[in-house]
Amino acid sequence: MILFVFQLFEAQAQEGAAFTFQGSLKDGNVPANGNYDIKLEYFDVGIGGTSLGSFTDSNVPVINGIFTEVLNGSTSWMTPGRNLFIEISVRPSGSSSPHTTLAPRQRITSAPYAITSLRSSDSPRLNR
């Protein structure tokens, strides 16, 4: 006899305004590995402009060139529909050298997020 156990979870709405940014980093021509200090600075234009805010995260693990940051989207200047760009600067953790600015700036775009479909209750497959 095979026993299947199913657990039901109540869907929860998205909490807060944080979002995930994932980047790729190379050291020369190979994917970077190790811990890096990563500075993220926000702008409303792709080139030039004035900084809207920034933060630096130390000892960020970079594995096979990939790093992930969770960013706070609840600041007053981060409003829906506004053009925003992130300028990324990096240096090896523990280094006293200045950060190296990467180019070009990356545009922050919205991503779909949904708990349910607008028509999920209308689906003939769900109403059998």
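What follows is a walk through this predicted model, from the overall fold to a few individual residues. Residues are numbered from 1 along each chain as its sequence is written, and side-chain values use heavy atoms, with hydrogens and water left out. Because the model is predicted, local features need pLDDT of at least 70 and side-chain atom pairs count only at pLDDT 80 or more, while totals for chains, interfaces and linings use all residues.

Let's start with the whole chain. Of the 128 residues in the chain, 23% are buried. Here buried means under 20% relative accessible area, exposed means over 50%, and partly exposed is in between, using a 1.4 Å probe and protein chains only. The accessible surface comes to about 9800 Å², and carbon and sulfur atoms account for 53% of that. Those areas come from the Shrake-Rupley method with a 1.4 Å probe, and for residues only the protein chains shown count as cover. As for contacts (heavy atoms within 4.5 Å), look at those with a separation of 6 or more: 62% of them are between residues 24 or more positions apart.

Leaving aside neighbours within four places in sequence, Leu40 is in contact with Gly53, Ser54, Phe55, Glu69, Leu71, Ile86, Glu87 and Ile88. Val90 is 50 residues from Leu40 along the chain, yet their C-alpha atoms are separated by 8.9 Å.

Now move over to Ser89, in strand 7. Ser89 also counts as buried, because its relative accessibility is 6%. Not counting residues up to four places away in sequence, Ser89 touches Asp37, Ile38, Lys39, His99, Thr100 and Thr101. With Thr101 there is also a polar contact, side chain to side chain, at 3.2 Å. That term covers a pair of N or O atoms within 3.5 Å; within protein, one must be able to donate a hydrogen and the other to accept it, and residues adjacent in sequence count only if both atoms are side-chain atoms.

Most residues other than glycine have a negative phi, and most peptide bonds are trans. Asn59, in strand 5 (residues 53-62), has a positive phi of about 55 degrees. Asn59 counts as partly exposed because its relative accessibility is 49%. Its contacts, again without residues up to four places away in sequence, are Asn35, Tyr36, Asp37 and Ser93. The side chains of Asn59 and Ser93 are joined by a polar contact of 3.1 Å; the two residues are 34 apart in sequence and 5.5 Å apart in space, C-alpha to C-alpha.

Asn64 has a positive phi too, about 50 degrees. You'll find Asn64 in the loop between strand 5 and strand 6, and it counts as exposed because its relative accessibility is 57%. The peptide bond between Ala103 and Pro104 is cis, with omega about 0 degrees. Pro104 lies in the loop between strand 8 (100-101) and strand 9 (106-107).

Strand 1 (residues 19-24) gives the largest share of the lining, 4 residues. By type, the lining divides into 6 nonpolar, 4 polar and no charged residues.

Finally, find Arg82 in the loop between strand 6 (66-71) and strand 7 (85-92). Arg82 counts as partly exposed because its relative accessibility is 31%. Ile108 is 26 residues from Arg82 in sequence and 9.5 Å away in space, C-alpha to C-alpha.

Conventions: Helices (H or I, at least four residues) and strands (E, at least two) are DSSP runs, numbered from the N terminus. Ala, Val, Leu, Ile, Met, Phe, Trp, Tyr, Cys and Pro count as nonpolar, Asp, Glu, Lys and Arg as charged, and the others, Gly among them, as polar.
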